[in-house]
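Hi,

Here's the structure I promised to pass on. Have a look at it first, then read my notes below.

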Amino acid sequence: MNALILAAALFTLPPQSSDAVIGVSAIHLESGRRVGIRGDERFPMGSVYKFPIVLAALQRVDAGTWELDQKITIEPKDFSPGWSPLRDEAKKKPITLTLSELLRYTVSISDNTACDNLIRLLGGPAAVQKRMAELGVPGIRTDRTEKTIAGHLDEPDGRTKYVKDTRDTATPDDMAALLV
């Protein structure tokens, strides 16, 4: 019998160390059986947090509130630090793209500017939280924008605090449930 199993893994790399703490959860789709290691522990999502944001946006497309071909203009003041080919291509000028392109930049390229502007269009992180609760995974937390997270990472001991912070975290169990 062929079976499809969805798995989610999250991990934390402690600062200045090569040791990692890993959490994994797998769900057998046909039987619903689950197996995991540290599946109920919270881990920072890093860029994985872009996935719930895109799901919240796609719900609005499905509802007919948004259109994939609608145009969105991003101003230079709305560019985000870190990885952002979108920002780099804009060369400090406003850039206009479709919602479809914004979604692709967010989830396929992991672009911070695209992600932050998608959060802004949704009405903030609370809109993502609301959607995760509607999907039955309220433990997946999207609390801040990439710009805000980057600002906290630049603070003294920012990376150590980030690893311990419960904001923008998920459990492997919840992430696997979201994939289902």
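Helix 1 and helix 8 make a left-handed crossing. Keep in mind as you look that this is a predicted model. Two packed helices are described by the angle between their axes and the distance between the axes. For this pair, the axes cross at roughly 35° and come within 12 Å. If you want to find the spot on screen, look for Phe51, Pro52 and Leu55 on the helix 1 side, which meet Met175, Leu178 and Leu179 from helix 8 (residues 172-179).

Next, have a go at helix 4. Why is helix 4 largely enclosed by the rest of the structure? It's because nine of its eleven residues (112-122) are buried. Those are Asn112, Thr113, Ala114, Cys115, Asp116, Asn117, Leu118, Ile119 and Leu122. And what do the buried residues of helix 4 pack against? Quite a list: helix 1 (50-62), strand 5 (71-74), helix 2 (85-90), helix 3 (99-107), helix 5 (125-134) and helix 6 (146-153).

Last, the rings. I counted zero aromatic pairs, going by ring centres within 6.5 Å. Tyr105 does have a charged residue over its face, though: Arg104, at 5.0 Å from the ring centre.

Cheers

Note on methods:
Residues numbered from 1 in each chain as written. Predicted model: local features only at pLDDT ≥ 70, side-chain atom pairs only at ≥ 80, totals over all residues. Heavy atoms only, no water. Phe/Tyr/Trp six-rings, centres within 6.5 Å; stacked < 30°, edge-to-face > 60°. Lys NZ or Arg CZ within 6 Å of the ring centre and 35° of its normal. Buried < 20%, exposed > 50% of the residue type's maximum accessible area, 1.4 Å probe, protein only. Helix = DSSP H or I, 4+ residues; strand = E, 2+ residues; numbered from the N terminus. Contact = heavy atoms within 4.5 Å. Axes fitted to C-alpha atoms, helices over the stretch in contact; angles between N-to-C directions. Left-handed = near helix turned anticlockwise from the far one by under 90°.
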